[in-house]
Structures are given as C-alpha cells and as structure tokens.
Amino acid sequence: MHFALLSLIAAYAASVQAGVFTQQTYNDISISGGVAGNAQNEALAVFSALNLDDLANVDKDDLDFLNSVNQICNQAEEDAFNEAIDAASASSSSGDEADALQRGKIKNKVLKLTAAVLKLQAQAAQGKDVQDKLEEEQTKLNNNIQQDEDEAGNPSTFLSFDATTD
C-alpha cells in the first residue's frame with residue numbers, strides 16, 4: 001500500500017515538474033497573420049500551457065523553449081520580415097503591402113518579447129537577478145503591444161519561415 005502511494009506521488013510530482021512545451025515550428029506558433037490589435041492575447045495563447053501563477057516552478061526545458069521562441073522570432077524578423085518590407089516598400093506605390101507586413105512584424109515582435117518576458121519572470125521567481133533585463137524587455141513589449149493596438153482591425157501579413165524551437 002505504501003509503495004503504491006509513493007509511486008503515485010512520485011508520478012504526480014514528475015508530471016508537475018515536466019516541461020509543458022514540445023518542439024514547434026515557427027509557422028505553427030506564429031501570430032503574425034490576420035489583423036492587428038490583439039497580439040498580446042494571441043501571444044499569451046501560444047504560451048497558455050505555462051502556469052503563470054507558479055513561475056517559480058517552470059521547468060528548465062520550458063525556459064529553453066521560451067528562449068528558442070525568442071530566437072526564431074528574431075530570425076524571422078531579420079531574415080523574412082525586414083527583407084519583405086524593404087521589397088514591398090520599393091515596389092508598391094500605395095504602401096498597403098508594406099504596412100500589412102509591418103503589422104505582421106510587430107505581432108511577431110510581441111510574440112518574441114512575450115517569450116523573453118515570461119522566461120525572465122520565471123527566472124526572477126526562481127531567484128535569479130534579472131530585474132534590469134526584465135524591465136528592459138517589458139518596456140519593449142509594452143511599446144510593441146501599443147503599436148499593435150494602434151493598428152487594430154488593419155490587415156496583418158503572415159510570412160512563412162523555416163525554423164523550429166529547440
């Protein structure tokens with residue numbers, strides 16, 4: 001009886017401590033398409049498996065996942081969005097295409113920075129001294145959320161990008 005109870009407790013503890021995220025492609029987690037205005041909620045939905053009320057117990061694998069999301073979103077910004085915006089700006093007379101791409105880029109930045117802020121909040125809850133970096137990233141996130149909200153209802157372009165989280 002005691003062995004069965006201990007096994008059950010150990011299995012439960014392992015499941016609580018285990019990482020909640022699995023490997024994902026950029027295209028699967030991207031929020032860049034659709035319309036602007038709700039990027040903050042869209043980004044939080046990507047990370048909804050994370051228990052935001054218990055950041056002190058976020059698994060190392062999940063911290064690595066959040067870091068990886070930040071990295072692949074940054075790569076998409078540099079290698080896909082910036083190039084597409086430059087090309088659209090050079091070829092489009094109305095600017096609508098470039099504007100929609102810019103809104104997609106902002107939504108991508110909200111996802112990237114949400115991942116960074118969540119990782120830093122978890123690290124802070126786990127006793128790491130990351131307050132300065134957290135404040136810096138939170139300021140960037142707030143700025144991009146505001147830019148997204150300012151464009152609410154306007155089209156936002158999704159760009160496919162070949163990258164996968166670790």
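Mentor: A residue counts as buried under 20% relative accessible area, as exposed over 50%, and as partly exposed in between. Asn 38 has 38% relative accessibility, so Asn 38 is partly exposed. Keep in mind that this is a predicted model.

Trainee: Where is Asn 38 placed?

Mentor: Asn 38 sits in the loop between β1 (34-35) and α3.

Trainee: What does the secondary structure of the protein chain come to?

Mentor: There are six helices and two strands. Along the sequence the pattern reads α-α-β-α-α-α-α-β. Of the 166 residues in the protein chain, 39% are buried. The chain exposes about 9100 Å², and carbon and sulfur atoms supply 49% of that area.

Trainee: Among contacts between residues at least 6 apart in sequence, what share joins residues at least 24 apart?

Mentor: That share is 82% in the protein chain. The aromatic pairs give specific cases. Ring centres must lie within 6.5 Å for a pair, and planes over 60 degrees apart make it edge-to-face.

Trainee: How many aromatic pairs does this rule give?

Mentor: The count is three aromatic pairs. In one of them, the ring centres of Phe 21 and Phe 47 are 6.2 Å apart and the planes stand at 85°, so this pair is edge-to-face. Phe 21 belongs to the loop between α1 (2-17) and α2 (26-29), and Phe 47 to the loop between α3 (39-46) and α4 (60-91), so the pair ties together parts 26 residues apart in sequence. Phe 21 and Phe 47 are both buried.

Trainee: How are the rings of Tyr 26 and Phe 161 arranged?

Mentor: Their centres are 5.8 Å apart and their planes are at 85°, so Tyr 26 and Phe 161 also form an edge-to-face pair. Tyr 26 is in helix α2 and Phe 161 in the segment after β2 (155-156), so this pair ties together parts that are 135 residues apart in sequence. Tyr 26 and Phe 161 are buried as well.

Trainee: Which residues form one aromatic cluster?

Mentor: The cluster consists of Phe 21, Phe 47 and Phe 65. Beyond its neighbours within four places in sequence, Phe 47 is in contact with several residues, including Phe 21, Phe 65, Leu 66, Val 69 and Leu 111.

Trainee: Which residues have the most contacts inside the largest nonpolar core?

Mentor: They are Tyr 26, Phe 47, Leu 50, Leu 66, Val 69 and Leu 111, in a core of 39 residues. Two or more residues of this core come from each of α2, α3, α4, α5 (96-125) and α6 (131-150). The largest share, 12 residues, is from α4.

Trainee: How should I read a helix such as α5?

Mentor: Start with cover: 23 of the 30 residues of α5 are buried, and the helix is mostly covered. Then take its span. At 1.5 Å a residue, α5 should span 44 Å, and its end C-alpha atoms are 43 Å apart, which agrees. Gly 127, with a positive phi near 95°, follows α5. Gln 123 is a residue in helix α5. Its relative accessible area is 12%, so Gln 123 is buried. Not counting residues up to four places away in sequence, Gln 123 touches Leu 63, Lys 128 and Val 130.

Trainee: Which residues of α6 are buried?

Mentor: The general idea comes before the case. An α-helix has 3.6 residues a turn, so residues three or four places apart point the same way. In α6, the buried residues are Leu 134, Glu 137, Leu 141, Asn 144, Ile 145 and Asp 148. These cover an arc of only 105° around the axis, which puts them on the same side of α6. On the other side of α6, Asp 132, Thr 139 and Asp 150 are exposed. The cover over the buried residues of α6 includes α3 and α5. With 20 residues, α6 reaches 28 Å from its first C-alpha to its last, close to the 28 Å expected at 1.5 Å a residue.

Trainee: Is Gln 131 buried, partly exposed or exposed?

Mentor: Gln 131 has a relative accessible area of 38%, so it is partly exposed. Gln 131 is found in helix α6.

Definitions and conventions:
Residues numbered from 1 in each chain as written. Predicted model: local features only at pLDDT ≥ 70, side-chain atom pairs only at ≥ 80, totals over all residues. Heavy atoms only, no water. Phe/Tyr/Trp six-rings, centres within 6.5 Å; stacked < 30°, edge-to-face > 60°. Helix = DSSP H or I, 4+ residues; strand = E, 2+ residues; numbered from the N terminus. Buried < 20%, exposed > 50% of the residue type's maximum accessible area, 1.4 Å probe, protein only. Core = buried A, V, L, I, M, F, W, Y, C linked by side-chain atoms within 4.5 Å. Contact = heavy atoms within 4.5 Å. Expected span 1.5 Å × (residues − 1). Arc of directions from axis to C-beta. Areas by Shrake-Rupley, 256 points an atom, 1.4 Å probe, with all protein chains shown as cover.
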